[in-house]
Amino acid sequence: IVMVSDFQCPYCRDWHDSTLTQVRQTYVETGKARLAYLNLPLQGHRHAVAMAKAALCAASQEKFWPYADAMFSRQKTVANLGDVQPLLHTLADSLKLDTAAFTHCNKSSAVTALLNSDLREANQANIRSTPSFFVGQFLLEGAVPFPSFKKAVDSALVIAEAKAKTPAPGPAR
């Protein structure tokens, strides 16, 4: 499962708050599926790029999901900030990140390159809205409720299992 998202997107927060926990419990924690996050900060969200970079820097310290959770929970606060950096650093500190490494990462060309890679992947897949999800061969768009999301994941798992059982074609005789 690849989630294409923007930390300032209210629909992304809605999905995060209503569906993500069930997806984690049903699929990720049971080992049935893995979940990846692809950043697509939308231009109308003035802090989305800074937030995406901060999340990537938290990921470098193996704290992506706790950091993402913290940012989504403060999304309404972020909208009213002139400068989001103090909040991003407070979140890093509250999660016990190495704040010097976090600050260095945020200013590095490496994190910009990672974000640009996410943007290229989203653009190549023609993703224009958030949240969007790649679930196996399926594309889901919007804050899909868990029952619908579950149907897509279960179908993708059945397809993957069938492909795994299909023997590879042997050499022609």
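**Exercise 1.** Is cysteine 105 buried or exposed?

*Solution.* The model is predicted: local features need pLDDT of at least 70, side-chain atom pairs count only at pLDDT 80 or more, and totals for chains, interfaces and linings use all residues. Residues are numbered from 1 along each chain as its sequence is written, and side-chain values use heavy atoms, with hydrogens and water left out.

Step 1. Take the cut-offs: buried means under 20% relative accessible area, exposed over 50%, partly exposed in between (1.4 Å probe, protein chains only).
Step 2. The relative accessibility of cysteine 105 is 15%, so cysteine 105 counts as buried.

**Exercise 2.** Describe the disulfide of the structure.

*Solution.* 
Step 1. Apply the criterion, a pair of cysteine sulfur atoms within 2.5 Å. The structure holds one such disulfide.
Step 2. Its partners are cysteine 57 and cysteine 105, with sulfur atoms 2.1 Å apart.
Step 3. Cysteine 57 lies in helix α2 (residues 48-59) and cysteine 105 in helix α6 (residues 99-107); the pair, 48 residues apart, links distant parts of the chain.
Step 4. The torsion about the S-S bond of cysteine 57 and cysteine 105 is about -90°, so the disulfide is left-handed.

**Exercise 3.** Classify the burial of cysteine 57, cysteine 9 and cysteine 12.

*Solution.* 
Step 1. Cysteine 57 has a relative accessible area of 0% and is therefore buried.
Step 2. Cysteine 9, at 2% relative accessibility, counts as buried.
Step 3. Cysteine 12 counts as buried at 0%.

Note on methods: Helix = DSSP H or I, 4+ residues; strand = E, 2+ residues; numbered from the N terminus.
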